[in-house]
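Thanks for coming, everyone. Please look at the sequence and the structure on the screen, and I will take you through some parts of the fold.

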Amino acid sequence: MTGFFDDLETRSADRRAADLAEALPQQIARAKALPGYAEALADVDPEAITDAAALAALPVLRKSDLGRAQAANPPFGGFTVKPPSGFAHVFQSPGPIYEPGGIDRDWWRFGRVLHAVGIGPGDIVQNCFGYHLTPAGMLFENGARAVGAAVLPAGTGQTELQVTAARDVGVTAYAGTPDYLKVILDKADSMGVTLGITKATVGGGALFPSLRAEYRERGISCLQSYGTADLGNIAYESAAMEGMIVDEHVVVEIVTPGTGTPVAPGEVGEVVVTTLNPDYPLIRFATGDLSAIMEGQSPCGRTNLRIKGWMGRADQTTKIKGMFIRPEQVAALVARHEEIVKARVIASREGEMDAMTVRIEAAGGDGADYARTVADVLKLKGAVEVVAPGSLPKDGLVIEDQRSYD
């Protein structure tokens, strides 16, 4: 498959600016009419907000703000244009945070993500993102529908059955976390099964160069995308693999972490996104992720802004095996056992897979109990090491990411 998903991807800078100058005031006006923005946008003139520079004067909305608003006004905190019953889906992410979902108009905007890796009519996508409560599975399901591909809704687990299904139905493409495709491929090798997967679109974690190279050696083109449950697609790779191209229906700013102040071009900062989704107008939503703007445009011919991709977290929140681990979860782990002094979660790599080790400072205690608490509170299983009180560094870190992103 060649070409572009639509002509928005190749707009001139002048046309893109003119389109944004028309769409952005309309979106600000939608947001201003919602209870969630009643105070923050009370004095804002929507007609004056026509570009990213004007957006910079507006307050930043953080996930913690959204959580508090949802607790006071469930489930969406007054930030949606339609009531919960007006959406196709209602999702719950850890927090809990509730997100709406639609199935019309490629609502999550992942069609261009799949198109960029060559997925289209005739393909069958093994979708290994979760379908339970959280929206990741539906993001890629809707994207596949937008490009005319069929879907095997696989989720994770039962790897032998996944291999069997992929063989039997003729799967040609994969969607899921970067690591899990290797799990499927290795299982297929052990079963003596040859799979027909030649395309992969991955997200929910970093795609390490060594893993991409392994997939390439297996004849699989693997590109990554960057999105969130709240915003949908933010940016995606093309075959040029030079940075990530910003989606055509969001405005991305890079700001000094913890503020709303844009950094100088090329500097690393926090990704702040304004979406043009008319159903869910999030304005200057802080992702907590770090990235930087790249100069120039992609050699693939797409003309929109590029970012360098995911470069870590502005806070200590860390994604391991596709799941966020937050400092407050580590605090909850410590609170479960009175003999625990402190704890530290360490993210590392074992081969081509994410690994998690939890070091617990305690004067004894039951390591098996700690392991069960780790799985319950962090929602992930990992190695547990009990160390003597005073052993952990006094550097303020409760989550340490030892993975290299070079």
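Pro-96 is found in the loop between β1 and β2 (97-101), where helices (H or I, at least four residues) and strands (E, at least two) are DSSP runs, numbered from the N terminus. A cis peptide bond joins Gly-95 to Pro-96, with omega about -5°. The peptide bond from Pro-74 to Pro-75 is cis too, with omega near -5°, and Pro-75 has its place in the loop between α3 (63-72) and β1 (89-93). I point these out because most peptide bonds are trans, and most residues other than glycine have a negative phi.

Before going on, a word on what we are looking at: this is a predicted model, in which local features need pLDDT of at least 70 and side-chain atom pairs count only at pLDDT 80 or more, while totals for chains, interfaces and linings use all residues. Residues are numbered from 1 along each chain as its sequence is written, and side-chain values use heavy atoms, with hydrogens and water left out.

On the subject of phi, Met-241 has a positive value near 55° without being a glycine, and this residue lies in the loop between β8 and β9. Met-241 is partly exposed, with a relative accessible area of 36%; here buried means under 20% relative accessible area, exposed over 50%, and partly exposed in between, with a 1.4 Å probe and protein chains only. Lys-321, also not a glycine, has a positive phi of about 55°, lies in the loop between β15 and β16 (323-325) and counts as partly exposed at 43% relative accessibility.

Leaving aside neighbours within four places in sequence, Ser-238 is in contact (heavy atoms within 4.5 Å) with Ala-116, Leu-223, Ile-245, Ser-298, Cys-300 and Arg-302.

Let me turn to the sheets. Two strands pair if DSSP finds at least two bridges between them, and 9 strands form an open sheet with mixed pairing, in the order β4-β3-β5-β6-β7-β8-β9-β14-β13. Its edge strands are β4 (150-153) and β13 (293-294), each of which pairs on one side only. Strand β3 (residues 124-127) runs parallel to β4, joined by 4 bridges, and Val-125 stands opposite Val-151 in β4. Helix α5 packs on this sheet, touching β3, β4, β5 (173-176), β6 (199-202) and β7 (221-228), and its direction makes about 175° with that of β3; such angles run from 0 to 180 degrees between N-to-C directions, and axes are lines fitted to C-alpha atoms, for helices over the stretch in contact. Helix α7 packs on the sheet as well, touching β3, β5 and β6, with its direction at about 130° to that of β5.

How do α6 and α7 sit against each other, and at what angle? Helix α6 (residues 159-169) and helix α7 (residues 178-191) pack at about 80°, with their axes 9 Å apart, and they are therefore roughly perpendicular to each other, a term that covers 65 to 115 degrees. Among the residues that meet are Val-163 in α6 and Ile-184 in α7.

There is another open sheet, of 3 strands, in the order β10-β11-β12 with antiparallel pairing. Strands β10 and β12 (285-291) stand at its edges with a single partner strand each, so one side of each is left without a neighbour in the sheet. β10 pairs with β11 (residues 269-275) over 6 bridges, and Val-251 stands opposite Thr-274 in β11.

That leaves the interior. A nonpolar core is a set of buried Ala, Val, Leu, Ile, Met, Phe, Trp, Tyr and Cys residues joined through side-chain atoms within 4.5 Å. The largest one has 58 residues, and those with the most contacts inside it are Tyr-37, Leu-55, Leu-58, Ile-119 and Val-252. Helix α5 (residues 136-147) gives the largest share of this core, 5 residues. A second, separate core of 21 residues includes Tyr-174, Tyr-180, Leu-185 and Ala-200.

Methods. Angles under 35 degrees count as roughly parallel, over 145 as roughly antiparallel, 65 to 115 as roughly perpendicular and the rest as oblique.
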